[in-house]
Structure formats: C-alpha cells, structure tokens
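Biologist: Could you walk me through this model and tell me where the labels come from? I'd like to see each value set against its cut-off.

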Amino acid sequence: MLDIADELTRWRARGRDFAAATVVAVSGSAPREVGAALAVDADGAAIGSVSGGCVEGAVYELCQRALESGRSTVERFGYSDDDAFAVGLTCGGVIDVLVTPVRGGDPARAGDAGPGHRRAGEASVTLAAALDAAAHGRAAALARVVAGPAELIGGALLVRPGGGYTGSLGGDPALDRTAAAEAAALLDAGRTDTRTIGATGERCGEPVTVLVESSVPAPRMIIFGAVDFASALVRVGGFLGYHVSVCDARPVFATPERFPEADEVVADWPHRYLDAQVARSARTAPDGARAGEGADEGRADGGIDGRTVLCVLTHDAKFDVPLLERALRLPVGYVGAMGSRRTHLDRLRRLRAAGLTERELSRLRSPIGLDLGARTPEETALSIAAEIVADRRGGTGTPLTGAHTPIHHDPPPPRN
C-alpha cells in the first residue's frame, strides 16, 4: 500500500474515505508482488493494481464492501478454469489480498463509528501515519495482521528505525513487541515480506502472520562520468525510482544544464565524492537521525547501502581505478564499469596491483550492461538498466521465449 502513498495522502487531506487492498501473499506465477495495492474511495475512484487486471473488478467490489462495513478482511484469488467467466488469475498463480478501510481527514474521526469499530478505527489512524511517513520520504515500516485470530485481522503497527512503534496489533503486548522487532529488521534491509509469530500471552496455539511493508528513501544510483551515455542513464534511473546523482571531476561537463533530470550533479573527483557519501551514511544513526542534527526528514535518498547502484562510465584509469578500489569493497547492490574488453582487462590488472582480491573483483560488472546489441546512448542505458534489474531480482537475462525458467524469481538474499 505504501507504493501509492502520495496519492492516498492527498485523498486523506481532502477528507476522502477509502479502502486499500494489498497483496499479502503470492504463490505461483502471480503478476504482482507482495505489497502491491489497489485503493478505492467512497466516490468510486480507483488507483493502483493488485493483479495487472485479472481480478481488479472483484477486488474493487471488496473495497466498496469494506467501506460500508468498516472492517478489514482477507480474500484469496487463484486460477479458475471451470468457468470461463469465473473470477481468477489466468496466469495460474494465487494471491491473498488484505482489504482495509481508512478514514480521511481528521484522524479523530477514526473512532466515531461506535465501540464495535474502535479497533478498525485505531488501525486506520496507524495506516494514515504510515502513509504520511512514506509520502514524505521518512523511513518506516507498516506491520499488519494478515492471518491468525479473526478479531486481529488488519491490526496495525507503525515501526520506525531502531524498533520504536505506535499502534497495536490488538493482541497481547508481547505480540506487538515481537512484531515490531521483526519489522525493524526488515525495515533495516529495505524489504517488504511476511513474518509468522508464534503464540504469545493468552493466545496459546494461535500463531499470527504479519505483513511488513517497508518504506525507505529512494535507493541511490550514482553515475560517474558526465558523458552522453550518462544523460540517457539518468532518465532511465529516474524512471526506475532511483535518486540519481552524476559526478565528474571536470566542472565544464558536470553541470545541471547538461543533466536537468538528475537529482544532483557534482563536480568532484569520483573517489573523493564516494568517500564523502560513505562518511555521510556512516553518520546516520540507527533511528534515522544524523549525529548532532536530529531527524533528517528532508533527505530524499537512502545513503550508501545494499540498494545502491554505482555506474562508472568514465573508462579512464586515473578516475576508474581509485574509484573502483573503494566501490568494490562496499556493501552496495551493483557496481558496473564501461569500457571495451581490452579496457576491462587492463582495469583488472591495475586493480589487482592496488590489492583487490579475486572475490572483490568478481563483483564488478564489466563491460557494463547486458548484450542487447546496443549502439545509441539510450539503447546502452537500457542495457545497463536491464542488468541492474536482473541482478536485483535474480533474473538470468535470457529471452523468456522458449525458455523454461520462472518468469518471476524469488529475490536473491541481501548482500552483507
């Protein structure tokens, strides 16, 4: 649900009640992943998607019923071939969907529906706070009960970096504490996933499954080298949701006018800029505040972390070698470098001389990108982006036509 937080926050600001349907479990070849959402307001307007079209109509009706009842519910949609007109996923997958009503406007309205709806009202307040955090780029995790005792379904916690939380899942306080700890760990990794928590307190034998949606600042793509290829890659990076920075040691090329779509353009030596960004990330405390400054809520990027993408397009040894010497030792998601195969071999020789191990060198994607036969800067940017997505999602980069590999892959384990 947090992926459509901007629009939902605007709906709330206008006092519009809505119901949000969120994918909470996926199996088989389902079209959308856990966390995908569709929202419907009281006037019937809809945004988002949970299935790419297969069951949108049925989920739309569920949202309308949730708005009327004021209660959360979980429904399952799977493949159906008994009736050509049956509601189901034609791709053969199965998805579970949590539908939750959310009050617009003043959060105090959440409790005005009477005692029977008070718990749903409390969850509505928590969801509103989570949407606000996501819309303003603040790190937070939303934990909601998606399986377990019926009276707990839809109960919500808002968890912040470090494990602090507000709201309640509606059960024993120990359940809230355990769920908050699990959510904080997923938030730290920037992941959305489910966790099953064993019975606690009075609920002997009744485990609870919680969906944790992590909202973190945009991941970073740092492009080194203010060249034509960089301009095209800036546009693609922005399209993929990255906070894109361009760095080049030559001030005449590293200008905002040449890269108007970049979030940041810096004239500095690449390795020096990377060092500064690593130091900046290290100054960020676990609770999201930088040392001596309090909460850094205006920060639009997520710092240097396991989601960071570093693209080295300079193919000049005096820039590349000191930069890659540092980059390949950082726990980032992707490091790629442009250049011919001859340049690549020379680069490896220089990096070995600088002391890098074979394991560290194996992380380098060079020559950068997948083999698409790219010629133009735009085609090359697409090639690089395709490799980044494949690396992030565990894809092979091979054509799906005639292949027997899965269309959707389980995500690879996070890098340490």
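Modeller: What follows is a set of questions and answers on a predicted model.

Biologist: Let's start with aspartate 305. What makes aspartate 305 count as partly exposed?

Modeller: Its relative accessibility is 22%. Buried means under 20% and exposed means over 50%, so at 22% aspartate 305 counts as partly exposed. You'll find aspartate 305 in the loop between strand S15 (294-295) and S16.

Biologist: Which residues is aspartate 305 in contact with, leaving aside its neighbours within four places in sequence?

Modeller: Pro331, Val332 and Gly333. Contact means heavy atoms within 4.5 Å. For aspartate 305 and glycine 333, the C-alpha atoms are separated by 7.5 Å, and the two residues are 28 apart along the chain.

Biologist: What makes the pair formed by aspartate 305 and arginine 307 a polar contact?

Modeller: A polar atom of the aspartate 305 side chain lies 2.9 Å from the backbone nitrogen of arginine 307. The cut-off for a pair of N or O atoms is 3.5 Å, so the pair qualifies as a polar contact.

Biologist: On to helix H4 (residues 173-189). How do you know that its length is close to the expected one?

Modeller: H4 has 17 residues, and from first C-alpha to last it reaches 25 Å.

Biologist: What is at the two ends of H4?

Modeller: At the start, a side-chain oxygen of aspartate 172 comes to within 2.8 Å of the backbone nitrogen of alanine 174. Just after H4, glycine 190 has a positive phi of about 70°.

Biologist: Which strands do the buried residues of H4 pack against?

Modeller: Strands S6 (140-147), S7 (156-159), S8 (165-168), S9 (193-197) and S10 (208-215). Among the buried residues of H4 are Ala174, Leu175, Ala183 and Leu187.

Biologist: Now helix H1 (residues 5-13). Which of its residues are buried, and why are they said to line one face?

Modeller: The buried ones are Ala5, Leu8, Thr9, Trp11 and Arg12. Looking down the axis of H1, they fall within an arc of 155°, so they line one face of the helix. In general, an α-helix has 3.6 residues a turn, so residues three or four places apart point the same way. Just after H1, glycine 15 takes a positive phi of about 75°.

Biologist: What is the strand order in the antiparallel sheet, and what makes a strand an edge strand there?

Modeller: The order is S3-S2-S1-S5-S4, in an open sheet of 5 strands. Strand S3 (46-48) and strand S4 (73-77) are the edge strands, as each pairs on one side only. On average, neighbouring strands are turned by 20° against each other, direction ignored.

Biologist: How do you know that S1 and S5 pair?

Modeller: Pairing needs at least two bridges, and 9 join strand S1 (residues 18-27) to strand S5 (residues 94-102), so they count as paired. Alanine 20, for one, stands opposite threonine 100 in S5. Helix H2 (residues 56-69) lies across S1, S2, S3, S4 and S5, at about 50° to S2.

Biologist: And the parallel sheet: what makes S17 and S18 a pair?

Modeller: Strand S17 (residues 334-337) and S18 share 2 bridges, in the parallel sense. The threshold is at least two, so S17 and S18 pair. In S18, leucine 364 is the bridge partner of valine 335. The open sheet has 6 strands, in the order S13-S12-S11-S16-S17-S18.

Key:
Residues are numbered from 1 along each chain as its sequence is written. This is a predicted model: local features need pLDDT of at least 70, side-chain atom pairs count only at pLDDT 80 or more; totals for chains, interfaces and linings use all residues. Side-chain values use heavy atoms; hydrogens and water are left out. Helices (H or I, at least four residues) and strands (E, at least two) are DSSP runs, numbered from the N terminus. The expected span of a helix is 1.5 Å times one less than its number of residues. Buried means under 20% relative accessible area, exposed over 50%, partly exposed in between (1.4 Å probe, protein chains only). A polar contact is a pair of N or O atoms within 3.5 Å; within protein, one must be able to donate a hydrogen and the other to accept it, and residues adjacent in sequence count only if both atoms are side-chain atoms. The arc is that of the directions from the helix axis to the C-beta atoms. Axes are lines fitted to C-alpha atoms, for helices over the stretch in contact, and angles run from 0 to 180 degrees between N-to-C directions.
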